Amino acid sequence: MKIALLIIDMQKIFLEDKKEQLNVEGACEYINYVAESIRSNKHLVIHVQDVEGADEINSESLAIIPEINVDQQDICIRKEQSNAFWNTELESILIENDIKLVIVAGFAAEHCVLFTYNGAIERGFKAVILQNGILSTKSDIITQTYRDRNIISYNVLPFIV
């Protein structure tokens, strides 16, 4: 089964001044570990960047935070809506690469992560959220997200990739 890791909105504009408060370093450790496992087994890593309102925003602030490892083989797409499938090439990229399982990670659990997770399911993909790989500015949201959705732990990956 082909797998894609979707890393959502891990950008300076959202996280630069919240790194300690949100434990960004901890989430990045899980995301980077899973990304490397996905890459080394010839699956896809896709970075999704929110560019809504980019005309008024410094382009440097839209960059992915340095704690996230971006490899030259990774795919980067831009979105203007919360759901990374909406008006983007994401679905066609997944179909072209015969992806069946989508692992969603990133920021913010209650917005873009959740909407992209739901978008994957609506389009017929199996979807899971990476445990310890999502962030939110609201402390209770992460627990709620795990409680109500399919999740995957990083230590399960070697058995499915």
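I started at Arg-147, which is exposed at 60% relative accessible area. My scale: buried is under 20% relative accessible area, exposed is over 50%, and partly exposed is in between (1.4 Å probe, protein chains only).

Before going on, I noted that this is a predicted model, where local features need pLDDT of at least 70, side-chain atom pairs count only at pLDDT 80 or more, and totals for chains, interfaces and linings use all residues. Residues are numbered from 1 along each chain as its sequence is written, and side-chain values use heavy atoms, with hydrogens and water left out.

What does Arg-147 pair with? I found a salt bridge to Asp-148, with the closest N and O atoms 2.9 Å apart. (Salt bridge: a side-chain nitrogen of Lys or Arg within 4 Å of a carboxyl oxygen of Asp or Glu.) Asp-148 is partly exposed at 45%.

Next I searched the whole structure and got 13 salt bridges.

I looked up Asp-9 and Lys-79, whose side chains form a salt bridge at 3.1 Å, N to O. Asp-9 sits in the loop between strand E1 (2–8) and helix H1 (12–15) and Lys-79 in strand E3 (residues 75–79), so this pair ties together parts 70 residues apart in sequence. (Helices, H or I with at least four residues, and strands, E with at least two, are DSSP runs numbered from the N terminus.) Is Asp-9 buried or exposed? It counts as buried, at 2% relative accessibility. Lys-79 is buried too, at 1%. I also saw that a network of salt bridges links Asp-9, Asp-50 and Lys-79.
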